[in-house]
Amino acid sequence: MTDSRAAGAAAGDDGAGAAGAAGAFTTRAWRRAAPIRAAIDEQPLVRGLGDGTLSEDRFNYYMTQDALYLVEYGRVLAGVASLSGEPDEFAFWCDCAKQALVAERELHAAHVDLMSGATASPTCRAYTDFLHTGVALGSYGVAVAAVLPCFWIYQDVGAGLLARAGDLSGHPYGDWISTYADPAFEQSTARARGVADRLAAAAGDDERGRMHEAFATACRYEWMFWDAAWRMEDWPV
């Protein structure tokens, strides 16, 4: 959706040697996820958010599930912070956890009743369980790689939708678009990418491979989350 996508695609092949693989971790991971990101761009819920045609019931379902997700995501980010040995990175992840639990939930509260007793969908539960597992396994690099797509894909989607929508005045979902297209959110995404690249550069081949796997899996869960909201997924029994 944005120039970053084209830049990732133009980064070249995987290359050879640990040094090249480490230094290009986020570029390589982003390029490898291009088919998933393209599928997200074409997801009906994302397109409906962009042009304002998404039905209110689907939007409310999505926002409710996202609010439930953010509660767990905030806990996951706090867990990522606990794995960091760098004070500045510890503070960064703690601040991100706070933003997930407070600032972004204000956006959701403006649209849906967060005290409605809703339960997490199967996809929401699976995604957050995957992220919690990443922290529980104790690898800082793998945990960072797992949480990064939630930053990066939302920033990419928000920037792309803003570019297409232009003036958001009167747009029914303009506040959602502006939240994720905000420069401050872009800066947080860049910081998270920088941490991932630093950790990949210091990692061995096996660890770096697990980071790539975690990143790709989280990207797939991002698509699944949009898809589940479009289908208004519920537990079958």
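View A. Helix α12, residues 183-202, has 20 residues and reaches 29 Å from its first C-alpha to its last, close to the 28 Å expected at 1.5 Å a residue; the expected span is 1.5 Å times one less than the number of residues. Helices are DSSP runs of H or I with at least four residues, numbered from the N terminus. The model is predicted: local features need pLDDT of at least 70, side-chain atom pairs count only at pLDDT 80 or more, and totals for chains, interfaces and linings use all residues. Residues are numbered from 1 along each chain as its sequence is written, and side-chain values use heavy atoms, with hydrogens and water left out. Buried in α12 are F185, T189, A192, V195, A196, L199 and A200 (buried: under 20% relative accessible area; exposed: over 50%; 1.4 Å probe, protein chains only). Seen down the axis of α12, these buried residues fall within an arc of 135°, so they line one face of the helix; the arc is that of the directions from the helix axis to the C-beta atoms. The face turned away from the buried side carries the exposed residues P183, Q187, A201 and A202.

**View B. Surroundings of T26.** T26 lies in helix α3 and is buried, with a relative accessible area of 3%. Leaving aside neighbours within four places in sequence, T26 is in contact with L148, W152, R193, A196 and D197, where contact means heavy atoms within 4.5 Å. One of these partners, A196, is also among the buried residues of α12.

**View C. Crossing of helices α3 and α4.** The axes of α3 (residues 25-32) and α4 (residues 34-41) come within 5 Å and cross at roughly 55°. That makes α3 oblique to α4. W30, R31 and R32 of α3 meet A34, P35 and R37 of α4. The residues of this contact divide into 3 nonpolar, no polar and 3 charged (nonpolar: Ala, Val, Leu, Ile, Met, Phe, Trp, Tyr, Cys and Pro; charged: Asp, Glu, Lys and Arg; polar: the others, Gly among them).

**View D. Helix α9 and what covers it.** Helix α9, residues 122-136, has 15 residues and reaches 21 Å from first to last C-alpha, close to the expected 21 Å. T123, C124, Y127, T128, L131, G134 and V135 are its buried residues. Down the axis of α9 they fall within an arc of 125°, so they line one face of the helix. Their cover includes α6 (56-83), α10 (140-165) and α13 (205-231). Just after α9, G138 takes a positive phi of about 90°.

Conventions:
Axes are lines fitted to C-alpha atoms, for helices over the stretch in contact, and angles run from 0 to 180 degrees between N-to-C directions. Helices (H or I, at least four residues) and strands (E, at least two) are DSSP runs, numbered from the N terminus. Angles under 35 degrees count as roughly parallel, over 145 as roughly antiparallel, 65 to 115 as roughly perpendicular and the rest as oblique.
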